[in-house]
Amino acid sequence: MRSCVMVILAVLLAGAAHAQAIRLDGDQQKLLINPYGGLPGRWLGCMERCAGTDEPGAGQTALLRVGAGGSRFAWHVPGDPEASRKLNALTYRAEYRQTDTHTTVILTSLEPFRGMRLVHRYALARDGRTLSASLQMPPGAVLELTGGADLVGTPWPGFGSFYSYARAISVDADGQQNLSGDEDASAAERQSVPGTWVGLRGRFWTVLLQPKDAVRVSAADIAPDQPKLGIRRDGAGGGNLDLQIYAGPVQATELGAVAPELRGMMYASLWDWLRALAFAMHWLLGQIQQLVGNWGLAIMLLSLSVKLLMWPLTFVAERWQAEVNRTQSLLQPQLTAIRREFRGEEAHHRTLAVYAEHGVSQFYTLKSLAGFLIQIPVFIAAFDMLGENFGLGGAGFLWVQDLSLPDRVMALPGVLPFFGGYLNFLPVLMTLFTIASARVQEEASLSA
């Protein structure tokens, strides 16, 4: 009896040992490879260096995790649910190989799948964010990456919803292309050129894969802001799927260090000249922040700096606006009399005669658009630059706890459509300043 108990205990302990997650840690990320299925199950990305805790928070974000809201890898065999279940339940044993710069783990399945023992190989650079993977793919199998709420982040109401999203993308030398999440994205399977990156991205974090060889890629939204990306080998047979995997921040310096083309993810919705303006403002904001050491103060100084840099153009635009105002004050009494006494074609001819009498073009008011048109590109570039600025995440200023989110000074009794459930003081303050500025700059020559 005692011998039987010992044997059972030994079997249970052996099974527990095999079921332990395989750990890979670097300076900026912590990985747990799932012993069932042999795929990354938990991936913790760190803003700078990883802390001792394995929990999200304090500058650490769960880019992959098992459970509700987490993004995850899984195997899928189209048309064969039982094969998919077996492939994801396949247990692996691990063999570690350590060097000063890399940690390599080789996983071998304990049981065969369709007559073969699968072998996967992972190599993690200690000081980088990329994971090299070589996955043995059974014939017909698909590697799936599904996005979760963690990738979306805190949902925003109103215009802020532009930055509360998760979508499947591809990135190459021509920039970022959406594979899901908008009307232009197609759910059809497509061939990926070797060297192209595919994956999922949210506002601040992304999980990207770069297959070494040509693969077939499919993408679809299984729910709002829950994209699913599928990758299979380009061919009916099995073989190895060799990948570079990047899981980390959507930040120009980090992306550029992995691959220059990944910088195309930054401000991808803008035209090239607007992207250049956004990058310039991003650089200037970073320089100011390094100087003053506070993001909120840096944003204020950036606004002042841009105002000073634009002053020559603004001066010309304001001079044109003053000319329009003076002309309008000169013409207004006669035009008002014409509108009061005449109608139709007669009023039109008399109005043109007034313009001719004073040597004024009927399109003279278009001059006043100059100041407005100058500010629009700057506003759009600043909006995108601040909206995608990774450094603002978690940075506080005065009463604002997180500059990457609305200030939310007070919870409202209910949720208002478009505006959400919080009172945000900064937009109110901006509106008051705008009204005050308009009153201060009123043109004296204009009538009431």
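Predicted model: local features only at pLDDT ≥ 70, side-chain atom pairs only at ≥ 80, totals over all residues.
Does Leu398 count as buried or exposed, and at what relative accessibility? I began my notes with this residue, and I found that Leu398 counts as exposed, at 68% relative accessibility.

**Entry 1: two residues with positive phi**

I looked up where Leu398 sits, and its place is in the loop between H9 and strand S19, which covers residues 410–416. Its phi is near 55 degrees, a positive value in a residue other than glycine. I noted this because most residues other than glycine have a negative phi. I then turned to Arg114, whose phi is also a positive value near 55 degrees in a residue other than glycine. Arg114 is found in the loop between strand S7 (102–109) and strand S8 (119–125). With a relative accessible area of 48%, Arg114 is partly exposed, because exposed is kept for values over 50%.

**Entry 2: the chain as a whole**

I stepped back to the whole chain and noted 10 helices and 20 strands. Of its 448 residues, 40% count as buried. The accessible surface comes to about 24500 Å², and carbon and sulfur atoms hold 60% of that. When I took the contacts with a separation of 6 or more, residues 24 or more positions apart accounted for 56% of them.

**Entry 3: the sheet of four strands**

I followed an open sheet of four strands, which has the order S1-S2-S3-S4 and antiparallel pairing. Strand S1 (22–25) and S4 stand at its edges with a single partner strand each, so one side of each is left without a neighbour in the sheet. Neighbouring strands of this sheet are turned against each other by 15 degrees on average, with direction ignored.

I checked the pairs at both ends of the order. S1 and strand S2 (residues 29–33) pair in the antiparallel sense over four bridges, and the bridge partner of Ile22 is Ile33 in S2. Strand S3 (residues 40–46) and S4 are likewise antiparallel, over four bridges, and here Cys46 stands opposite Gln60 in S4. I also asked how many residues of strand S4 (residues 60–64) are buried. The count is five of its five residues, which leaves this strand mostly covered.

**Entry 4: the sheet of five strands**

I next traced an open sheet in which five strands follow the order S5-S10-S17-S16-S13, with antiparallel pairing. Its edge strands are strand S5 (72–76) and strand S13 (190–192), each of which pairs on one side only. From one strand to the next, the twist averages 30 degrees. Within this sheet I looked at strand S16 (residues 215–223) and strand S17 (residues 226–233), which run antiparallel and are joined by eight bridges. Arg216 stands opposite Arg232 in S17.

**Entry 5: a pair of helices**

Last, I looked at how helix H5 (residues 272–292) lies against helix H9 (residues 369–387), and their axes come within 9 Å and cross at roughly 60 degrees. H5 and H9 are therefore oblique to each other, because an angle has to reach 65 degrees to count as roughly perpendicular. The crossing of H5 and H9 is right-handed. I listed the residues that meet there, and on the H5 side they include Trp273, Leu277, Met281 and Leu285. On the H9 side, Pro377, Ile380, Ala381 and Met385 are among them.

Definitions and conventions
Residues numbered from 1 in each chain as written. Heavy atoms only, no water. Buried < 20%, exposed > 50% of the residue type's maximum accessible area, 1.4 Å probe, protein only. Contact = heavy atoms within 4.5 Å. Areas by Shrake-Rupley, 256 points an atom, 1.4 Å probe, with all protein chains shown as cover. Pairing = 2+ DSSP bridges. Axes fitted to C-alpha atoms, helices over the stretch in contact; angles between N-to-C directions. Parallel < 35°, antiparallel > 145°, perpendicular 65-115°, else oblique. Left-handed = near helix turned anticlockwise from the far one by under 90°.
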